[in-house]
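Colleague: Could you take me through one part of this model closely? I'd like to hear about the salt bridges, please.

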Amino acid sequence: MGAPPRDIWWSQRARASGYASEAELRGAFGFPDYRLNQIYRAAAKELADGIDSITVLPTVLRRRLAHALPFTTLAARHEAVSADGQTTKVLFGLAGGQEIEAVLMRHRNGRTTACISSQAGCALKCDFCATGQSGFRRNLTALEIFDQALALARRARTRGEPLTNIVFMGMGEPFLNYDAVMDAVALLNDPKGFGLGARHITISTAGVVPGIRRLCSEGIQVNLAVSLHAPDDLLRTKLMPINKRWPIASLMEAVREYVAATRRKVFYEYLMLDGCNDRPADARQLADLLGGPLHHVNLIPYNATDAAYVRSDEAVVRRFQEILRERGVPVTVRQTMGADIAAACGQLRVDRASAAGAVARSS
Ligand code: SAH
């Protein structure tokens with residue numbers, strides 16, 4: 001295990017505020033150790049949006065810290081709400097000028113999910129995904145990842161809906177920013193802080209095998225989702241170039257080890273692309289691939305991007321689902337949300353147009 005979450009938060013908060021360390025910041029303002037707990041708790045658990053609203057702190061300290069210790073690494077630049085009001089997409093600016101997006105979804109079943117980014121851009125260039133098209137910018141820090149959850153949790157709270165789930169399905173490949181993602185998970189998970197149970201957190205990977213192996217050894221209960229999207233190497237490599245590096249056999253072996261080590265169910269994501277990977281033969285091949293216990297397939301309706309793919313017909317998706325079911329594979333079809341504001345899976349992409357129309361606002 002790494003440092004306690006409180007210390008991760010403080011050291012990153014201090015650095016983001018221009019101090020070399022938490023000790024240097026504390027030295028500069030001369031407050032005792034217990035203030036560290038108070039401030040961390042207020043930010044991470046009570047979702048305070050700044051020092052000013054932490055009324056347990058003396059006014060003088062609040063005033064002095066207000067400018068020295070901003071409570072977010074993110075500047076909300078633009079916000080879009082879907083026509084049905086269930087999905088909110090927020091464009092955030094980062095220090096250094098990069099931009100990321102995160103999405104808040106209110107599901108019909110009462111859950112409220114935050115879909116957050118782990119990298120600005122993505123290096124993997126999956127053929128169907130909008131994020132990969134603009135390339136990789138940089139890794140996010142644990143605090144930048146955590147601050148997305150806080151910003152969305154505050155928005156959910158104003159509607160009286162606590163955040164119930166977090167998915168790493170925004171921009172980027174979480175396992176190519178492994179340490180920061182795990183620190184962010186520790187922050188999200190901390191009972192003294194944000195307090196979201198690990199079982200309510202899902203990390204989605206395009207198939208970075210060493211990341212899956214490392215996760216086996218963490219002893220944490222987060223959910224693992226694997227973006228499979230094709231049942232054979234030829235097709236998968238065409239859709240996801242990462243398959244050259246870690247072909248399906250090595251991916252499935254790592255997943256089997258993960259299941260054996262954790263006894264946790266693995267979720268497979270399978271995009272339904274018209275005439276590409278949605279034939280009955282693909283379903284049968286997929287079922288053969290998934291032999292063994294503890295798995296669940298999510299069929300994902302493709303969301304339009306600039307790429308030359310088309311969503312499969314509903315009847316084709318149903319048939320695909322039936323074939324998997326007949327072969328004993330637990331399978332559901334993912335509900336698409338936020339397509340009208342380009343907030344659906346794989347549509348997150350920061351382009352010049354959205355950045356130019358941005359309105360400066362704090363998160
Ligand atoms: N890099 C990680 C997480 C980010 S993508 C991963 O690959 O899993 C989250 C999910 O959205 C992945 O399953 C991805 O394949 C899927 N996705 C990408 N583009 C999509 C699109 N246009 N429509 C629907 N899902 C898409």
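Modeller: Happy to! Let's start with Asp282 and Arg279, whose side chains meet in a salt bridge at 2.7 Å, N to O. Keep in mind that this is a predicted model. Elsewhere, salt bridges with shared partners link Arg6, Asp7 and Asp33 into one network. In total, the structure holds 19 salt bridges.

Another of them brings together the side chains of Arg13 and Asp147, with 3.0 Å from N to O. Arg13 belongs to helix α1 (residues 5–16) and Asp147 to helix α6 (residues 142–158), so this pair ties together parts that lie 134 residues apart in sequence. Both Arg13 and Asp147 are buried.

Then there is Glu101 with Lys89, where the closest N and O atoms are 3.5 Å apart. Here the pair ties together parts 12 residues apart in sequence, because Glu101 lies in strand β3 (residues 99–106) and Lys89 in strand β2 (residues 87–93). Glu101 counts as buried at 2% relative accessibility, and Lys89 counts as buried too, at 11%.

Key:
Residues numbered from 1 in each chain as written. Predicted model: local features only at pLDDT ≥ 70, side-chain atom pairs only at ≥ 80, totals over all residues. Heavy atoms only, no water. Salt bridge = Lys/Arg side-chain N within 4 Å of Asp/Glu carboxyl O. Helix = DSSP H or I, 4+ residues; strand = E, 2+ residues; numbered from the N terminus. Buried < 20%, exposed > 50% of the residue type's maximum accessible area, 1.4 Å probe, protein only.
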